[in-house]
Amino acid sequence: MSNKRIDYYQAAPQAMRAMMGLEKAAAQSVLPAALRELVRIRASQINGCAYCIDMHTTDALKGGETPRRLMAISAWKETPFFDARERAALLWTETLTLVAQRQAPDEIYADVSGHFSEQELCELTFVIAAINAWNRFGVGFAMQPQH
């Protein structure tokens, strides 16, 4: 996309400060940073947010994630690269990102909740909700990765 859209930080600074507060809270999560990045990448792939995919794959690489695993996130069900906990997080990410289509069935909740404490599951849900909100800004305002 080449159409310049509004700068949402400039147009709504108070709302953007609140969004940054969400990010600060997410950074204090008990969940490992690497897991949070996998979740952010997968939600951003589903939502088609190129800006967020670029940002979070870059952050994941800086955090020690392997290119091989990053390239396989969209096919996580078909690869042996992700452990059971990561698979549960990716399943929950897909379920909540596509909540209008899937809802959150009891069997998925039971599978996912078996891998996380109550605090971890709440924080995982929070990270998923936050990245989905950021994706709406990225896609809605046509944010593009920098060259």
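Ala 142 is buried, with a relative accessible area of 10% (buried means under 20% relative accessible area, exposed over 50%, and partly exposed in between, with a 1.4 Å probe and protein chains only). Ala 142 is found in the segment after helix H9, residues 118-140. Helices here are DSSP runs of H or I with at least four residues, strands are runs of E with at least two, and both are numbered from the N terminus. The phi angle of Ala 142 is near 55°, a positive value in a residue other than glycine. Most residues other than glycine have a negative phi.

## Basis of the model

The model is predicted: local features need pLDDT of at least 70 and side-chain atom pairs count only at pLDDT 80 or more, while totals for chains, interfaces and linings use all residues. Residues are numbered from 1 along each chain as its sequence is written, and side-chain values use heavy atoms, with hydrogens and water left out.

## Overall form

The protein has 9 helices and 0 strands, and along the sequence its pattern reads α-α-α-α-α-α-α-α-α. Its radius of gyration is 15 Å, close to the 15 Å that the globule rule gives for 147 residues, so the protein is as compact as a globular protein of that length. The radius of gyration is taken over C-alpha atoms, and the globule rule is 2.2 Å times the number of residues to the power 0.38. Taken along the principal axes, the C-alpha atoms fill a box of roughly 45 × 30 × 30 Å.

Of the 147 residues, 39% count as buried. The protein exposes about 8300 Å², and carbon and sulfur atoms supply 57% of this area; accessible areas come from the Shrake-Rupley method with a 1.4 Å probe, and for residues only the protein chains shown count as cover. Among contacts between residues at least 6 apart in sequence, 64% join residues at least 24 apart, where contact means heavy atoms within 4.5 Å.

## Helix H6 and its two partners

Two packed helices are described by the angle between their axes and the distance between the axes. Axes are lines fitted to C-alpha atoms, for helices over the stretch in contact, and angles run from 0 to 180 degrees between N-to-C directions. The axes of helix H3 (residues 33-47) and H6 come within 9 Å and cross at roughly 35°. This crossing of H3 and H6 is right-handed; a crossing is left-handed if the near helix is turned anticlockwise from the far one by less than a right angle, and right-handed if clockwise. By class, the contact of H3 with H6 has 7 nonpolar, 3 polar and 3 charged residues. Ala, Val, Leu, Ile, Met, Phe, Trp, Tyr, Cys and Pro count as nonpolar, Asp, Glu, Lys and Arg as charged, and the others, Gly among them, as polar.

Helix H6 (residues 84-97) also packs with helix H8 (residues 106-113), at an angle of about 145° and with the axes 9 Å apart. The crossing of H6 and H8 is left-handed. Ala 88, Leu 91, Trp 92 and Thr 95 of H6 make this contact with Ile 108, Tyr 109, Asp 111 and Val 112 of H8. By class, the contact of H6 with H8 has 6 nonpolar, 1 polar and 1 charged residues.

Gln 103 lies in the loop between helix H7 (99-102) and H8. Gln 103 is exposed, with a relative accessible area of 52%, and its phi is near 60°, a positive value in a residue other than glycine. Pro 105 lies in the loop between H7 and H8 and is partly exposed, with a relative accessible area of 23%.

Asn 135 lies in helix H9 and is buried, with a relative accessible area of 1%. Leaving aside neighbours within four places in sequence, Asn 135 is in contact with Ala 43, Ser 44, Asn 47, Cys 49, Cys 52 and Gly 140. Glu 120 lies in helix H9 and is buried, at 16% relative accessible area. Not counting residues up to four places away in sequence, Glu 120 touches Val 30, Leu 31, Arg 85 and His 115.

Ala 26 lies in helix H2, residues 13-27, and is buried, with a relative accessible area of 2%. Ala 26 and Phe 126 are 100 residues apart in sequence, yet 7.4 Å apart in space, C-alpha to C-alpha. Residues up to four places away in sequence aside, Ala 26 touches Arg 36, Arg 40, Phe 126 and Val 127.
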